[in-house]
Amino acid sequence: MMRTMIDDLRSNWQSLLSTDLVMKAIGFMVLSPLVSLAFNRFLEFSGRRVLADADIAFFLLHPIGWFTAIVVGGGSLAILAFEQAAHMAIVLSAIQGRTVGTISALRFVASRAYGIFQIAWRLVVHLLLITFP
């Protein structure tokens with residue numbers, strides 16, 4: 001199994017590296033600001049402009065805080081999930097004997113972005129329910 005993984009990495013390292021760099025750039029330039037903007041809007045909606053120390057905990061115990069944690073946490077996790085989906089598309093295509101480049105992997109992720117985001121926020125909801133005080 002390890003030998004197969006090493007062979008897959010050797011044959012696809014260029015596509016994986018370029019896809020990783022592109023996805024990190026997209027996450028940094030597009031998705032992270034959107035998540036930050038969502039957090040700021042929810043914070044303003046709660047009537048606060050700034051949170052410090054204990055205020056963060058009180059904010060997260062409020063219903064708006066829970067909703068913020070779900071959306072912002074799901075968005076942050078979705079950024080990582082998009083990267084993993086693109087990498088999986090490249091490796092699984094190689095296993096099937098097809099070659100998939102960065103653009104094709106990005107199209108694959110874009111076509112399934114809504115489903116990936118749903119999985120991410122559901123995971124955040126489950127984690128929050130597990131840690132519910």
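**Salt bridges and pocket lining**

Modeller: In this predicted model, Arg-41 and Glu-44 form a salt bridge, with 3.2 Å between the closest N and O atoms.

Biologist: Why is the contact of Arg-41 with Glu-44 called a salt bridge?

Modeller: The term requires a side-chain nitrogen of Lys or Arg within 4 Å of a carboxyl oxygen of Asp or Glu. The closest N and O atoms of Arg-41 and Glu-44 are 3.2 Å apart, so the pair meets the 4 Å criterion. Both residues lie in helix H1, 3 residues apart, which is about one turn of the helix.

Biologist: What makes Arg-41 and Glu-44 partly exposed?

Modeller: The class lies between the limits of 20% for buried and 50% for exposed. Arg-41 has a relative accessible area of 46% and Glu-44 one of 39%, so both residues are partly exposed.

Biologist: How many salt bridges does the structure hold, and which residues are linked in a network?

Modeller: The structure holds 3 salt bridges. Asp-20, Lys-24 and Glu-83 are linked in a network. Lys-24 meets Asp-20 at 3.5 Å, N to O, and Glu-83 at 2.9 Å between the closest N and O atoms. Lys-24 lies in helix H1 and Glu-83 in helix H3, so this pair ties together parts that are 59 residues apart in sequence. Asp-20 and Lys-24, by contrast, are 4 residues apart in helix H1, separated by about one helical turn.

Biologist: How do you know whether Asp-20, Glu-83 and Lys-24 are buried or partly exposed?

Modeller: Buried means under 20% relative accessible area. Asp-20 has 19% and Glu-83 has 8%, so both count as buried. Lys-24, at 42%, counts as partly exposed, because this value lies between 20% and 50%.

Biologist: Which residue of the largest pocket's lining is classed as polar, and why?

Modeller: By class, the lining has 10 nonpolar, 1 polar and no charged residues.

Terms used
Residues numbered from 1 in each chain as written. Predicted model: local features only at pLDDT ≥ 70, side-chain atom pairs only at ≥ 80, totals over all residues. Heavy atoms only, no water. Nonpolar A, V, L, I, M, F, W, Y, C, P; charged D, E, K, R; others polar. Helix = DSSP H or I, 4+ residues; strand = E, 2+ residues; numbered from the N terminus. Buried < 20%, exposed > 50% of the residue type's maximum accessible area, 1.4 Å probe, protein only.
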